[in-house]
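Here is a short note for a colleague who has not seen this model before. Please read it with the structure open.

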Amino acid sequence: MSDPTARAAADVRLERIEKSFDGKTRAVDRVDLEIAAGEFFALLGPSGCGKTTTLRMIAGFEEPDAGRIFVGSEDITDTPVHRRDMGMIFQSYALFPHRTVAENVAFGLRMRGLGKSDIAERVGQALRQVALEGYEHRRPAQLSGGQQQRVALARAIVIRPRVLLCDEPLAALDRKLRQSMQLELKQLQQRLGVTLIFVTHDQEEAMTVSDRIAVMNAGRIDQIGSPSEIYNRPRTRFVADFIGEINLFEGEWREGSFISNGKALPAPREARSGRATIAVRPERVRLSDGGGTLDGKIRTRTFVSGQMIYRVTLSDGREVIAKVADGGDARSIGTPVGVDWSPGDVVALSD
């Protein structure tokens with residue numbers, strides 16, 4: 001249920017946004033993007049792909065060289081940071097060390113000229129929302145990393161923004177706390193109904209919290225979709241290789257069949273020709289004791305989270321990864337196996 005005191009969320013739209021820091025290389029290259037009101041949207045990609053620069057242009061910390069930025073029906077491209085009606089959480093939290101938790105959370109409200117009683121009421125409400133009641137008089141140095149992250153979150157939501165921007169806010173936390181905070185952030189976003197744009201390089205994190213994901217590569221967006229679409233139906237080799245583990249096979253289409261190293265592999269029949277790459281997720285690969293489309297031997301096996309992960313060296317020297325639900329009958333290293341998958345499990349990639 002949405003918080004009745006929250007502001008109405010807003011959609012965010014980018015039109016042909018560009019940014020270069022050296023006048024030559026585009027850090028962000030003609031990006032078009034539409035984010036729905038109330039959506040949890042992730043910008044995902046490796047370091048240097050342009051995701052943080054894109055977020056900073058939305059926030060107003062960087063000025064685009066070209067293109068326009070809209071929030072709702074309003075063009076905010078030239079609007080100063082403090083008038084954009086946005087909250088932001090940084091990776092470093094950026095808390096004032098000499099101020100108390102309450103003073104940190106109240107900072108944005110004081111800048112907006114609210115009265116003391118209104119500030120006290122809204123700070124109290126924000127701290128309740130992030131489970132920090134009773135911490136009002138502590139200073140950042142007296143808090144754990146997770147508690148500091150909650151203070152930064154409370155400071156961002158206390159101004160009741162229409163859009164909340166998060167620049168890798170959980171990166172400094174250990175794995176277990178990070179997973180817990182992912183769930184808390186998602187639940188809070190749903191309660192507030194705020195539009196949230198989340199920058200991360202962590203594929204698992206993006207897949208866990210997001211409604212939709214934009215995968216960025218070299219300043220451009222390679223693909224936008226739900227976590228399921230991004231994982232199961234990647235469009236480009238970069239997306240397929242960046243999101244989780246995957247098996248890639250290079251070859252060519254001949255009369256509707258995909259031929260790789262002289263052998264027809266399971267794949268949907270395609271009315272195309274020429275060189276191409278297909279992708280198969282490891283959990284879609286089947287191993288058998290008899291002959292398969294491909295044959296090889298188990299090189300390694302690893303048990304992870306209820307799955308046995310096999311790396312199979314094929315007879316032609318290539319390697320295939322297979323993930324099999326653990327049934328207590330693990331194959332030994334060196335065991336010959338057949339390798340197969342269904343045509344429907346294959347994705348044909350563009351470059």
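1. Basis. This is a predicted model, in which local features need pLDDT of at least 70 and side-chain atom pairs count only at pLDDT 80 or more, while totals for chains, interfaces and linings use all residues. Residues are numbered from 1 along each chain as its sequence is written, and side-chain values use heavy atoms, with hydrogens and water left out.

2. Tilted pair. Rings of Phe, Tyr and Trp (its six-membered ring) pair if their centres lie within 6.5 Å; planes under 30 degrees apart are stacked, over 60 edge-to-face, and the rest tilted. The count by this rule is six aromatic pairs. One of them, F61 with F90, is tilted, at 6.0 Å centre to centre and 45° between the planes. F61 lies in the loop between α1 (51–59) and β4 (66–71), and F90 in the loop between β6 (86–89) and α2 (101–111), so the pair ties together parts 29 residues apart in sequence. Helices (H or I, at least four residues) and strands (E, at least two) are DSSP runs, numbered from the N terminus. F61 is partly exposed at 34% relative accessible area, as is F90 at 25% (buried is under 20%, exposed over 50%, partly exposed in between; 1.4 Å probe, protein chains only).

3. Stacked pair. F238 and F242 have ring centres 5.5 Å apart and planes at 10°, so this pair is stacked. Both belong to helix α8 (residues 237–242), where four residues, about one helical turn, separate them. F238 is partly exposed at 22%, whereas F242 is buried at 15%.

4. Charges over rings. A charge sits over a ring if NZ of Lys or CZ of Arg is within 6 Å of the ring centre and within 35 degrees of the ring normal. R13 lies over the face of F70, 4.2 Å from the ring centre. The charged end of R99 is over the ring of F96, at 4.8 Å from its centre.

5. Cysteines. Which cysteine sulfur is closest to that of C49? It belongs to C166, 17 Å away and too far for a bond. A disulfide is a pair of cysteine sulfur atoms within 2.5 Å, and the structure holds zero disulfides. C49 is buried, with a relative accessible area of 2%, and C166 is buried at 0%.
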